[in-house]
Amino acid sequence: MSAVVGWEVVFRATVFVAEEMGASLRRSALSPNIRERADHSCAVADAEGNIVAQAEHIPVHLGSLRVGLRGLLRRLEEEGVELGEGDMVVSNDPYLTGTHLNDVTVLAPVYYGGRLVAYVVNKAHHVDVGGPAPGSINPDASSIYEEGLVIPPVKLVERGSLRRDVVELIKANVRMPEVAEGDLRAQVAANLAGAARVRELADRYGLAAVLEGWREGVEYARRLASAEVSRWPGGTYEAEDYLETGPGEGDYVRIRARVSVGGGRVRVSFPDAPPQLPRPVNAVYGVTYAASSFAVRSLMEADVPVNEGLYSVIDVEAPEGSMLNARPPAPVAGGNLETSQRVVDVVLLAMSRALPGRVPAASAGTMMNVMLGGADPRTGRQWAYYETVGGGSGARPDSDGVSAVHTNMTNTMNTPIEVAELSYPLVFTSYRVREGSGGAGRYRGGDGIVRSFRVTAPARLSVLASRFRFRPWGLEGGAPGEPARVRIVRASGRVEELAPFAAVDLGPGDEVIIETPGGGGYGRP
């Protein structure tokens with residue numbers, strides 16, 4: 001086998017290791033959010049914590065894993081904690097792991113011949129991690145303490161044995177303890193599979209060849225990304241957009257991005273980012289980095305691997321203590337979900353000045369987060385339901401946008417109606433394309449989604465979303481997409497309009513109707 005073929009075989013095999021970890025996690029999980037929606041991500045890193053390979057999972061997870069893995073390893077080193085063979089660490093502290101409390105990270109070292117050679121890591125969105133709101137994404141939170149249980153880095157597995165004290169502590173703080181334990185065990189199983197596959201690579205090709213393959217794979221991504229960026233016109237490009245931060249008409253902020261291109265590198269900065277707010281819209285640095293790097297990577301024509309090589313040519317800056325680089329105890333649930341989407345929008349809009357004819361119009365721009373829960377009369381147990389609803393993608397310079405898809409920072413599936421109705425006291429009343437919601441243009445924006453359901457038992461509904469007032473923009477004369485809309489039709493027939501951040505009680509027979517935005521149009525109609 002030639003040296004060139006050798007490193008690429010090893011590198012591509014490592015990418016498949018991350019893919020297999022994801023398949024293991026999804027098939028083993030108990031919650032529909034992971035099992036059906038695939039709300040998880042997996043990666044392999046070298047012994048220094050540099051991301052070598054990632055599966056094509058959730059963009060907001062993937063970019064943040066680089067930040068989160070380094071944060072975890074740094075904290076463990078500061079506390080003098082050594083990860084031995086058979087150990088795994090769990091944490092959901094967003095200021096370390098890089099997203100929000102629902103995203104639980106499980107990290108495992110990989111030893112070969114008694115030597116630490118790698119780490120395998122996965123992140124999965126747990127439907128509930130405690131706090132006052134079912135689903136733990138609380139639209140009224142003013143601090144992280146109102147969002148759920150914060151798990152500092154702690155050993156979940158020690159010398160190959162699951163620590164029952166840690167598992168029981170987590171279970172005691174969530175609404176669906178058996179589901180939480182099942183999802184944690186699935187994450188452990190995914191890391192076991194990943195570690196086994198890394199050792200198999202070393203057995204087959206030799207450890208030296210594996211490590212060299214990883215170095216070459218990272219360097220290949222760096223060279224490819226730098227070459228791509230070198231072809232972009234140098235300069236500094238700016239754009240701004242707006243994000244709702246609460247239910248009132250005046251609850252919004254401006255987000256402005258400055259993108260500098262030159263010397264084969266890209267620097268994304270947010271010099272006047274709004275100060276962090278007592279609202280759940282703050283993004284930790286990992287989220288801002290993930291969103292910015294995703295937007296830059298999306299503009300590259302070559303198939304650049306998403307690893308440390310790509311990340312090494314992208315710098316992201318945001319002032320500490322701002323809404324895009326928040327500090328404790330700021331609430332951060334929606335920063336991962338909504339603020340990340342707006343960061344993508346402004347970075348792409350800025351780059352549309354540099355690369356005309358390459359950037360699409362704005363997509364839906366919201367994950368449309370729906371959280372629901374209560375006591376299930378069928379079982380007498382507490383339940384929690386979470387999902388994001390797709391929308392329309394922006395029209396492209398040469399074709400219409402795509403209707404009814406997840407866009408940008410979310411890459412999940414939907415929750416099948418049959419699964420939701422079997423698992424929760426819900427009856428769905430519609431699920432269809434929101435025809436005509438895409439913006440007009442030479443090419444039309446994709447249409448959003450209409451998804452509605454009735455509850456059959458008392459429940460608490462929370463909605464955290466955006467693009468209710470600021471519509472997805474069009475490009476080159478294209479019209480904006482239709483904004484988001486959420487209504488409740490009470491059993492009595494009374495209709496209530498919900499604001500972007502809302503938490504309300506539902507009674508049996510109440511219907512929730514969700515309409516997601518369409519994408520912007522491209523070119524004059």
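Is aspartate 376 buried or exposed? Select aspartate 376: this residue is buried, at a relative accessible area of 5% (buried means under 20% relative accessible area, exposed over 50% and partly exposed in between, with a 1.4 Å probe and protein chains only).

The model is predicted, so local features need pLDDT of at least 70 and side-chain atom pairs count only at pLDDT 80 or more, while totals for chains, interfaces and linings use all residues. Residues are numbered from 1 along each chain as its sequence is written, and side-chain values use heavy atoms, with hydrogens and water left out.

**Salt bridges**

Arginine 378 is partly exposed, at 48% relative accessibility. Side chains of opposite charge can pair when their charged atoms come close.

Next, select aspartate 241 and arginine 467, whose side chains meet in a salt bridge at 2.8 Å, N to O. This pair links distant parts of the chain, 226 residues apart: aspartate 241 is in strand E8, and arginine 467 is in the loop between strand E16 (459-464) and E17. Helices (H or I, at least four residues) and strands (E, at least two) are DSSP runs, numbered from the N terminus. Aspartate 241 counts as buried at 6% relative accessibility, and arginine 467 counts as buried at 0%.

Then select arginine 265 and aspartate 315, where a salt bridge of 3.0 Å, N to O, joins the side chains. Arginine 265 lies in strand E10 and aspartate 315 in strand E11, so the pair ties together parts that are 50 residues apart in sequence. Arginine 265 is partly exposed, with a relative accessible area of 32%; aspartate 315 also counts as partly exposed, at 31%.

Show strand E8 (residues 235-244) and strand E9 (residues 252-262), which pair in the antiparallel sense over 10 bridges (two strands pair if DSSP finds at least two bridges between them). Within this pairing, tyrosine 242 stands opposite arginine 254 in E9. Arginine 254 also belongs to a network of salt bridges that links Glu238, Glu240, Arg254, Arg256, Arg258 and Asp272.

Glycine 262 has arginine 265, in E10, as its bridge partner. E9 and E10 form a hairpin with two residues between them, and glycine 263 in the turn has a positive phi of about 65°.

**Lysine 123**

Move to lysine 123 in strand E5 (residues 115-125). How far away is the nearest side chain of opposite charge? Lysine 123 is buried yet has no salt bridge, and that nearest side chain, aspartate 103, is 5.3 Å away; Lys and Arg count as positive and Asp and Glu as negative, while His and the chain ends are not counted. The side chains of lysine 123 and threonine 99 are joined by a polar contact of 3.3 Å. A polar contact is a pair of N or O atoms within 3.5 Å; within protein, one must be able to donate a hydrogen and the other to accept it, and residues adjacent in sequence count only if both atoms are side-chain atoms. Leaving aside neighbours within four places in sequence, the residues in contact with lysine 123 include His40, His61, Thr97, Asp103 and Gln187 (contact means heavy atoms within 4.5 Å).

**Loops and backbone geometry**

Select arginine 490, in the loop between strand E17 (485-489) and strand E18 (495-497). Arginine 490 is buried, with a relative accessible area of 14%. Arginine 490 and aspartate 510 are 20 residues apart in sequence, but 4.4 Å apart in space, C-alpha to C-alpha.

Now select alanine 38, in the loop between helix H2 (32-35) and strand E1 (40-46). Its phi is near 60°, a positive value in a residue other than glycine, and alanine 38 is buried at 14% relative accessible area. Arginine 159, likewise not a glycine, has a positive phi of about 50°; arginine 159 is exposed, with a relative accessible area of 68%.

Finally, select proline 328 and proline 329, joined by a cis peptide bond with omega about 5°. Proline 329 lies in the loop between strand E11 (314-317) and helix H10 (333-354).

Note on methods: Salt bridge = Lys/Arg side-chain N within 4 Å of Asp/Glu carboxyl O.
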